[in-house]
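Have the structure open and follow along.

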Protein chains: 2
Amino acid sequence: MHDIALGVKVLARNEEIAARNRKELKDRGIFTINIISAPGSGKTSIVERTVELLKGSMNIAVIEGDIQTDLDAVRISKHGIPVKQINTGRSCHLDAHMIEHSLPWLFEQGKTDLLIIENVGNMVCPAEYDLGEDLKVAVMSVTEGEDKPLKYPSLFSSAQYLLMNKVDLVKYTSFDIEKAEKNALSINPRLRIIRTSCVDGTGLEEWTKELKTLA
Amino acid sequence: MHDIALGVKVLARNEEIAARNRKELKDRGIFTINIISAPGSGKTSIVERTVELLKGSMNIAVIEGDIQTDLDAVRISKHGIPVKQINTGRSCHLDAHMIEHSLPWLFEQGKTDLLIIENVGNMVCPAEYDLGEDLKVAVMSVTEGEDKPLKYPSLFSSAQYLLMNKVDLVKYTSFDIEKAEKNALSINPRLRIIRTSCVDGTGLEEWTKELKTLA
């Protein structure tokens with residue numbers, strides 16, 4: 001976004017729609033989370049494991065954001081819950097307007113307790129666009145760098161949760177997990193950090209238990 | 001970018017400036033590469049190892065693109081070559097205009113044979129913005145997913161090289177490297193793929209040898 005005045009206008013319009021989405025979702029008792037990370041940090045696996053652990057006790061629906069393809073929606077649909085794919089085309093993030101257009105579909109699915117939105121793989125712009133969610137969840141993997149929270153502060157300052165993912169791989173890397181977490185907390189001291197692995201299951205009980213309490 | 005007409009106009013303007021940059025760089029005998037990947041795929045390590053292997057035989061300068069911080073420029077400057085940090089603020093990619101503004105700095109550094117531009121960590125928008133480079137180099141790591149080329153086709157179709165990075169970690173993951181490469185070639189059959197690791201050095205001689213031949 002090169003024109004700052006235009007950027008501010010687009011974001012202000014997005015905020016308005018996000019506020020409407022938030023009210024509509026809340027009125028129907030739907031708790032909504034927006035999951036954001038770089039491509040390849042393991043968002044879709046996190047969504048799959050979250051669905052597996054919670055679908056017995058909650059009604060869950062998923063919205064998948066991707067530039068192209070429905071690969072993620074296909075993965076999620078195998079878990080037998082409603083899933084909708086949004087292809088953003090050239091847009092590198094979901095916005096509130098796209099979610100607004102998906103609400104009629106969502107409301108047709110019957111009672112939903114938890115809506116999981118998986119954003120486009122990108123640490124920059126998705127952090128700027130409120131979708132109307134209750135909780136913003138950042139994911140980073142231990143194969144990235146410890147400096148990511150410093151380099152992409154907008155995501156880490158606006159998220160309430162950070163899932164430090166793929167911790168099963170940390171022993172094969174020089175990644176300093178304490179340093180990465182310290183960097184994240186220097187940007188946002190209230191960030192709740194949970195170390196997770198979708199391979200060996202680390203942290204997933206803890207994450208889903210907390211999510212269930214919130215939802 | 002929500003307004004498609006505006007997006008087309010911005011990109012057309014970018015193309016004009018990129019063409020000017022390309023001519024100015026070519027006139028001075030500078031070969032330019034633009035390295036693009038998700039955050040955490042190992043771009044900065046690739047730049048460091050490329051500089052180490054080539055600085056004895058070529059004059060190299062580096063431009064580092066980041067939303068915030070000069071962490072990458074500090075890393076590169078330890079190798080004793082000219083480096084300039086561009087902080088893009090809210091913009092999720094470098095554009096030709098930012099590079100144009102850095103050319104006077106570059107031309108003050110004396111004779112340069114190779115300019116390495118490390119773009120902002122993002123697989124989406126950087127692929128759309130020509131900077132005036134001779135070569136676009138995509139990097140992905142084996143800890144991401146095999147489906148990345150399908151999900152982010154613009155990058156893989158516009159790049160000439162793909163460095164499949166962090167191959168030292170592949171044995172600890174379920175990543176299918178042949179499948180990932182097949183996906184990349186389905187998007188762009190002419191893509192030259194080199195498997196690399198900045199930990200054990202795999203592929204770096206091959207990569208820098210080819211780069212030196214091109215530059």
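## Cysteines

B:Cys198 counts as buried because its relative accessibility is 18%, where buried means under 20% relative accessible area, exposed over 50% and partly exposed in between (1.4 Å probe, protein chains only). Before going further, please note that this is a predicted model, in which local features need pLDDT of at least 70 and side-chain atom pairs count only at pLDDT 80 or more, while totals for chains, interfaces and linings use all residues. Residues are numbered from 1 along each chain as its sequence is written, chains are lettered from A and ligands numbered from 1 in the order in which they are written, and side-chain values use heavy atoms, with hydrogens and water left out.

How many disulfides are there over all chains? The count is zero, a disulfide being a pair of cysteine sulfur atoms within 2.5 Å. B:Cys92 is in no disulfide, and its nearest cysteine sulfur, 3.6 Å away, belongs to A:Cys125. With 2% relative accessibility, B:Cys92 is buried.

## Salt bridges

Over all chains the count comes to 34 salt bridges, each one a side-chain nitrogen of Lys or Arg within 4 Å of a carboxyl oxygen of Asp or Glu. One of them pairs B:Lys151 with A:Asp66, whose closest N and O atoms are 3.6 Å apart. This pair crosses between chains, joining helix α5 of chain B to strand β2 of chain A; helices (H or I, at least four residues) and strands (E, at least two) are DSSP runs, numbered from the N terminus.

Two other pairs lie within chain A. A:Arg192 and A:Glu206 form a salt bridge with closest N and O atoms 2.8 Å apart. That pair links distant parts of the chain, strand β7 (residues 192-195) and helix α8 (residues 204-214), 14 residues apart. A:Arg192 is partly exposed at 30% relative accessibility, and A:Glu206 is partly exposed at 39%. A:Glu133 and A:Lys136 also meet in a salt bridge (3.6 Å, N to O); here A:Glu133 is buried at 6% and A:Lys136 is buried at 8%.

## Helix α8 of chain B

Which residues are buried in helix α8 of chain B? They are B:Leu204, B:Trp207, B:Thr208, B:Glu210 and B:Leu211. These residues lie on the same side of α8(B) because they cover an arc of only 160 degrees around the axis, taken from the directions from the helix axis to the C-beta atoms. The face turned away from that buried side carries the exposed residues B:Glu205, B:Lys209 and B:Thr213.

## Pocket and cavity

The second largest pocket holds about 810 Å³ of space. Of its 39 lining residues, the closest to its centre are A:Ser45, A:Arg75, A:Lys166, B:Glu144 and B:Gly145. On a 1 Å grid over the protein atoms alone, a cavity is a set of points where a 1.4 Å probe fits but cannot get out, and a pocket is an open set with protein on both sides within 12 Å along at least five of seven lines; lining residues have an atom within 4 Å of a point. Grid points are joined across faces, edges and corners, and a volume is the space filled by probe spheres set on the points.

There is one cavity of 30 Å³ or more. Its lining includes A:Pro39, A:Glu144, B:Pro39 and B:Glu144.
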